[in-house]
Amino acid sequence: MHTSPFADWDGTAQQARVLQRTLAERVVLEDDFAPLRLIAGVDVGFEEQGAITLAAAVLLDADTQQLIAHSVARIPTSMPYVPGLLSFRELPALLQALRDLPKVPDLIYCDGLGIAHPRRLGIASHLGVVIGLPTIGVAKKILVGTHEELSAEKGARVPLWHAGEQVGWMLRSKDRVKPLVVSPGHRVSLASAVELVLRCCRGYRLPEPTRLADRLASRRGEMPAAVGGTPDLFA
């Protein structure tokens, strides 16, 4: 893991956009991951009227999707909300939550965008490049791009296009629910990203990794019982 996700950043929005374009050149859009044993889901929320950033991470068995461990990190928010620059606001807490998981996941599902971003560096891509792990973005809303209509049944998908290239998919994860925006983050191909998300859809709109991370970040309902943990491999 790199020591800082914002090396050489002066704190301005202008330079943040420049840094996004630089980091986007390091994004790998080919499958480059081991057989999946452990998967993680991450989400970020805010407390105290935005003064505190809360990041949640969950670790699941890739086959059973049973919860193994979860963690929450709370740190002071260091940047105001700027559209298109959310990763600069959210990554510090998110990195801390991932460090607190007991094992390194083989793949991370992020509640947010991957390359379906104006500068091709949403939170999933930024996170993947910084820590070097495969990531997928699973967002609830489009930031950029257009698409055709898709049918109402689970599994329906159509490409999401922006500036002449495919940047993701619109995926119907459950019959007759609003589609999700699925985009590769890093070290995952466009074709695999949508299949890997669909594999984790177990009767809810959100795939299990981000559904549980969202529940933890928003404190909506009880978390399922974890099956245990192991020593911290991020250390």
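These are my notebook entries on a predicted model of one protein chain.

**Ground rules.** Because the model is predicted, I took local features at pLDDT of at least 70 and side-chain atom pairs at pLDDT 80 or more, while totals for chains, interfaces and linings use all residues. I number residues from 1 along each chain as its sequence is written, and side-chain values use heavy atoms, with hydrogens and water left out.

**Fold.** I looked up the secondary structure and found five helices and eight strands. Helices (H or I, at least four residues) and strands (E, at least two) are DSSP runs, numbered from the N terminus. From that end, the order is α-β-β-β-α-β-α-β-β-β-β-α-α. The radius of gyration, taken over C-alpha atoms, is 16 Å, close to the 18 Å that the globule rule gives for 235 residues, so the chain is as compact as a globular protein of that length. The rule is 2.2 Å times the number of residues to the power 0.38. I noted a C-alpha box of roughly 45 × 45 × 35 Å along the principal axes.

Of the 235 residues, 55% count as buried, meaning under 20% relative accessible area with a 1.4 Å probe, protein chains only. Contact means heavy atoms within 4.5 Å. Among contacts between residues at least 6 apart in sequence, 65% join residues at least 24 apart.

**Cores.** A nonpolar core is a set of buried Ala, Val, Leu, Ile, Met, Phe, Trp, Tyr and Cys residues joined through side-chain atoms within 4.5 Å. The largest one has 48 residues, and Val42, Leu94, Leu98, Ile108, Leu127 and Ile131 touch the most other members. Helix H2 (residues 86-99) gives the most to this core, with seven residues. I also found a second, separate core of 30 residues, including Leu67, Val138, Leu196 and Cys200.

**Val42 and Thr210.** Leaving aside neighbours within four places in sequence, I listed the contacts of Val42; among them are Ala56, Ala57, Leu94, Leu98, Ile108, Leu127 and Thr210. Thr210 lies in helix H5 (residues 208-218) and counts as buried at 0% relative accessibility. Not counting residues up to four places away, Thr210 touches Gly41, Val42, Tyr109, Cys110 and Asp111.

**Helix H4.** In H4 (residues 190-199), I found Ser192, Ala193, Val194, Leu196, Val197 and Leu198 buried. The buried residues of H4 pack against strands E4 (107-110), E5 (135-139), E6 (157-162), E7 (165-171) and E8 (180-186).

How values were computed. Buried means under 20% relative accessible area, exposed over 50%, partly exposed in between (1.4 Å probe, protein chains only).
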